Amino acid sequence: MKKGVVQVMGKFEILDHPLIQHKLTIIRNEHCGTREFRQVVNEIAELMAYEVSRDMPLEDVEVQTPVQVTTAKQLAGKKVVIVPILRAGLGMVDGILELIPAAKVGHVGMYRDEETLQPHEYFVKMPEDLENREMIVVDPMLATGGSAIMAVDALKKRGAKTIKFVCLVAAPEGVKALREAHPDIDVYSAALDDHLNEDGYIVPGLGDAGDRLFGTK
């Protein structure tokens, strides 16, 4: 680190709102079907977006109401980009767009080697001027942390400065790995589960989020 530069540390926050926790229980259930799973994931994402956007800056503007001119608040600062990690991250996009409809959407494509459990990047498509935007990376699961780290790497290489990572369920191993690799980003999860099993799945978790979202195996 250069002399005089202060390292800004990101935070890790569990969003324990009762509605988020209730809906998370619904999708943990193995009997939750594809349609309901997809709908509830979007509902959780929308609720989480409310909390994740809490620190967005505001500015004063003059507004003519039906009664008089007044000073009111509107969003200021960086424009938002939602970045789903393909494919499971797609399940969270529409929920966030319900709350932030003007957001742009970028995409990062990853697949996991089933033997090594390591992620491999195959696709990145982003809007321009990432340094002037607030990036919200979404993926239902933060397991080993490999995909999240690689996605954030891809954004930083393209100039992104302000990045948040949002997931539904995290494993301690994944949180540790992501925060060690990128200590400057904020990480939000609806739950911190117990551990990863030998196959790299979160325990108790909710299974393979991509398969459950899209009805595949």
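This is a predicted model: local features need pLDDT of at least 70, side-chain atom pairs count only at pLDDT 80 or more; totals for chains, interfaces and linings use all residues.
Ser147 belongs to helix H4, which spans residues 146–157. Apart from neighbours up to four places away in sequence, Ser147 is in contact with Ile85, Met110 and Pro119.

**Annotated positions and the largest pocket**

Ser147 is one of the residues that an unreviewed UniProt entry annotates as "binding site"; the annotation also includes Arg87, Arg112, Asp139, Pro140, Met141, Leu142 and Asp208. From this set, the lining of the largest pocket takes in Arg87, Arg112, Asp139, Met141, Leu142, Ala143, Thr144, Gly145, Gly146, Ser147 and Asp208.

The feature "binding site" is also placed by UniProt (unreviewed entry) at Ile202, Gly207, Asp208 and Ala209. The lining of the largest pocket includes Ile202, Gly207, Asp208 and Ala209.

Accessibility for several residues is set out below.

| Residue | Relative accessibility | Class |
|---|---|---|
| Leu142 | 1% | buried |
| Asp208 | 29% | partly exposed |
| Ala209 | 4% | buried |
| Glu13 | 28% | partly exposed |

Leu142 sits in strand S9, residues 141–142. Beyond its sequence neighbours up to four places away, Leu142 touches Ala148, Phe165, Cys167, Val169, Ala170, Ala171, Gly174, Val175, Leu178, Val187 and Ile202.

Asp208 occupies the loop between strand S13 (202–203) and helix H6 (209–214). With residues up to four places away in sequence set aside, Asp208 touches Arg87 and Tyr201. A polar atom of the Asp208 side chain lies 2.9 Å from the backbone nitrogen of Asp211.

Ala209 is part of helix H6. Neighbours within four places in sequence aside, Ala209 is in contact with Phe37, Ala88, Pro140 and Met141.

**The nonpolar cores**

The largest nonpolar core contains 38 residues, and those with the most contacts inside it are Leu24, Ile27, Ile44, Met48, Val166, Leu168 and Leu206. Elements that contribute two or more residues include helix H1 (18–28), helix H2 (34–52), helix H3 (90–99), strand S10 (162–170), strand S11 (186–192) and H6. Helix H2 supplies the largest share of this core, eight residues. Leu24 touches Ile44, Leu168, Val169, Ala190, Ala191 and Leu206, not counting residues up to four places away in sequence. Another core, of 26 residues, lies apart from the largest one, and Val81, Leu155, Leu178 and Ile185 are among its members.

**Helix H1**

Within H1, Ile20, Lys23, Leu24 and Ile27 are buried. The buried residues of H1 fall within an arc of 110 degrees when seen down the helix axis, so they line one face of the helix. An α-helix has 3.6 residues a turn, so residues three or four places apart point the same way. On the other side of H1, Pro18 and Thr25 are exposed. The cover over the buried residues of H1 includes H2, S10, S11 and H6.

**Strand S1**

Glu13 is located in strand S1, residues 12–14. Leaving aside neighbours within four places in sequence, Glu13 is in contact with Val187, Tyr188 and Ser189. Glu13 and Glu128 are separated by 115 residues in sequence, and their C-alpha atoms are 29 Å apart.

Methods
Residues are numbered from 1 along each chain as its sequence is written. Side-chain values use heavy atoms; hydrogens and water are left out. UniProt positions are given in the numbering used here, feature names are shortened, and annotations may be inferred rather than shown by experiment. On a 1 Å grid over the protein atoms alone, a cavity is a set of points where a 1.4 Å probe fits but cannot get out, and a pocket is an open set with protein on both sides within 12 Å along at least five of seven lines; lining residues have an atom within 4 Å of a point. Helices (H or I, at least four residues) and strands (E, at least two) are DSSP runs, numbered from the N terminus. Buried means under 20% relative accessible area, exposed over 50%, partly exposed in between (1.4 Å probe, protein chains only). Contact means heavy atoms within 4.5 Å. A polar contact is a pair of N or O atoms within 3.5 Å; within protein, one must be able to donate a hydrogen and the other to accept it, and residues adjacent in sequence count only if both atoms are side-chain atoms. A nonpolar core is a set of buried Ala, Val, Leu, Ile, Met, Phe, Trp, Tyr and Cys residues joined through side-chain atoms within 4.5 Å. The arc is that of the directions from the helix axis to the C-beta atoms.
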